[in-house]
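Here is a friendly walk through one protein model. Have the structure open as you read, and follow along one region at a time.

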Amino acid sequence: MDQHKKSVETARQTLIQLAKSRIAPTPDNYRKVYTAINGETVADSTSTIGQLLGNVLKEVSTQQPHYTASIHHILSQLEGQNWRSLDTALRQLLAHLPSPDSHSHFQAPAHQQDISDIMTLWRNMLIRTLDLVIIPQLKELPEAQARATALLEATQRAQHRDEILALEDALKNILFNLEMHLDSQSQLQLRLLQLLRLLLVSMEALVLEERWLQGPTTAIRDILTQPLNVDSLAKAEDTLKDLIFMQGQLRPGLIEAKKTLKKMAEIFVTQLSEITVATDEYQTKLQGYREEISHSDEIQDLNHVLHCLLEDTQAISTITQNSRNEILDAQNKVREAEKQIYELTLQLDHINEIAHEDYLTGTLNRRGMDEALLREFNRADRFGMPLSIAMMDIDHFKQINDNMGHATGDQALAHLASVIKEALRTTDVIARYGGEEFIILLPGTTEQDAISVITRAQRELTRNIFLHNDSHVLITFSAGVAQRQEGEAADSIIGRTDQALYRAKNSGRNRVIGASNLDKPISPQ
Ligand SMILES: Nc1nc2c(ncn2[C@@H]2O[C@H](COP(=O)(O)OP(=O)(O)OP(=O)(O)O)[C@@H](O)[C@H]2O)c(=O)[nH]1
């Protein structure tokens, strides 16, 4: 505060003090009170005091213009040193001036009464709000609810203004908790709605193959059966968005490929009928020529018949040749379309598998594997393609667990799975079969090729070394591989890969053995 303002404020307080103490506002009294408030000495002269008082009154007149007349009157009493009149005039003015501070003890008793009524009203409203609104809303947050109950009790006990005002912080805190809670509830609802919307979009986009709906719907079902929170919903939303995006990308290609296939079939049939019609006409003409030849005696007539015959034969030959070319072309296109459909369905099915993943390794879980086996068997049968299966098991994994702890063992498993996945084609399927055992399905792959793929994965694993506390840990695995025989059941081929794996373990580990080589001696590595 600058010096002038400070003086004015001190002078004002002095006036208030004089009025409160009912002391006559003589210059002497004013000086004493002023000195006491200010803690300093002031010039001991009536004129200085009179001047200061005059300054204050002018200030009041500027701030409160409707007191100007009264203040003029006071100033003239001051100037004339009419202390008695000055006393009366000052008292009248102070009785009307507004109190500078609501806490001031200058407040009229009636005003105090109003305030205390309002406080009581406010307290009762707070009690009702806590009891009927806030506490019931906090039922899912027991800790905050207990605090709200304690606040309710404290509010019921509070009698005095200060006690009631002291409840403010606790109330703010509880309201903050409540707002956060309600906010997260509404976010949950919004996210749920968004998920349902996405699911609908996904259904619409996927009507092509019903089984492709299984991935997204299973993901949603899994989420809904667990306690909801914003993070898990956001994750599910992202997964769905990815699925929809990928499926949306693949679907047009698949539709296009199917259309091409249909068109080619139509061309094929049209060509066949054209040939048939042309051949029928040719047969009829031949019959006619035959008759003409048998009846003609003239060499000229015969020449003419032969000429016609030659022309017709050439025409039928061109038609046949063209048809033959077009049919061959159509056949090639059909083969291409079939291949495209095969690849697209592989990719779409792969997307669907995301819902059946093993949490630790991101590979398929057992349920996902069973589905994938059935599907790949069907597909291999439908398209007449080879299918191989590999079973792999980490070597001496128990030692990793025993020496470095189970958590490191888990990390090693996740590391292995991610390296293997990288080494495989996206259409290959990897599933966690047991603790440290994995099954890999290799569609369209013979046993020999599958052995090469798995051997390459082994090399990748030795190249991408697993780190534990900054030191390298070498992880290797053994594998058995088998190609599915026609109509062979899952148990049977898995049994054969298991035997091959057993052989790989027994012959030194870190090996890949094919089931068809079981009766052959194993070459040293
Ligand atoms: N950290 C971790 N360990 C697992 C998990 N599942 C299985 N295991 C462990 O994997 C180990 C497998 O040990 P064994 O079957 O004796 O085989 P191994 O030590 O790998 O030896 P070989 O297979 O003969 O080379 C056991 O110690 C299991 O406890 C898992 O999810 N996490």
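## Helix pairs and selected residues

Helices α13 and α17 are roughly perpendicular to each other, because an angle of 65 to 115 degrees counts as such. In this predicted model, the two helices, α13 (residues 366-383) and α17 (residues 490-506), pack at an angle of about 105° with their axes 11 Å apart. On the α13 side the contact is made by Met369, Leu373 and Phe377, and on the α17 side by Ala490, Ile493 and Ile494. By class, the contact of α13 with α17 has six nonpolar residues, no polar ones and no charged ones.

A second pair is worth a look. The axes of α15 (residues 406-423) and α16 (residues 447-463) come within 9 Å and cross at roughly 130°. Helices α15 and α16 are therefore oblique to each other, and their crossing is right-handed. From α15, the residues His415, Leu416, Val419, Ile420 and Ala423 meet Arg456, Ala457, Glu460 and Leu461 of α16. This contact of α15 with α16 divides into six nonpolar, one polar and two charged residues.

Now step back to the whole chain. The protein has 525 residues, of which 37% count as buried, and its secondary structure comes to 17 helices and seven strands. Among contacts with a separation of 6 or more, 65% link residues 24 or more positions apart. The protein exposes about 31,100 Å², and carbon and sulfur atoms supply 53% of that area.

Which strand holds Ala390? Ala390 lies in β1 (residues 387-394). With 0% relative accessibility, Ala390 counts as buried, because the cut-off for buried is under 20%. Beyond its neighbours within four places in sequence, Ala390 is in contact with Phe438, Ile439, Ile440, Leu442, Ile454, Gly480 and Val481.

Thr427 sits in the loop between α15 and β2 (429-432). Setting aside neighbours within four places in sequence, Thr427 is in contact with Leu346, Gln347 and Pro443. Is Thr427 buried or exposed? Thr427 is buried, with a relative accessible area of 14%.

Most residues other than glycine have a negative phi. Against that background, Asp470 has a positive phi of about 65° although it is not a glycine. Asp470 is placed in the loop between β4 (466-468) and β5 (471-473). Arg509 is likewise a residue other than glycine with a positive phi, near 65°, and is found in the loop between α17 and β7 (512-514).

The table sets out the accessibility of the residues visited here.

| Residue | Relative accessible area | Class |
|---|---|---|
| Ala390 | 0% | buried |
| Thr427 | 14% | buried |
| Arg509 | 31% | partly exposed |
| Asp470 | 75% | exposed |

Asp470 is exposed because its relative accessible area of 75% is over the 50% cut-off. Arg509, with 31%, is partly exposed.

Technical notes
Residues numbered from 1 in each chain as written. Predicted model: local features only at pLDDT ≥ 70, side-chain atom pairs only at ≥ 80, totals over all residues. Heavy atoms only, no water. Axes fitted to C-alpha atoms, helices over the stretch in contact; angles between N-to-C directions. Helix = DSSP H or I, 4+ residues; strand = E, 2+ residues; numbered from the N terminus. Parallel < 35°, antiparallel > 145°, perpendicular 65-115°, else oblique. Left-handed = near helix turned anticlockwise from the far one by under 90°. Contact = heavy atoms within 4.5 Å. Nonpolar A, V, L, I, M, F, W, Y, C, P; charged D, E, K, R; others polar. Buried < 20%, exposed > 50% of the residue type's maximum accessible area, 1.4 Å probe, protein only. Areas by Shrake-Rupley, 256 points an atom, 1.4 Å probe, with all protein chains shown as cover.
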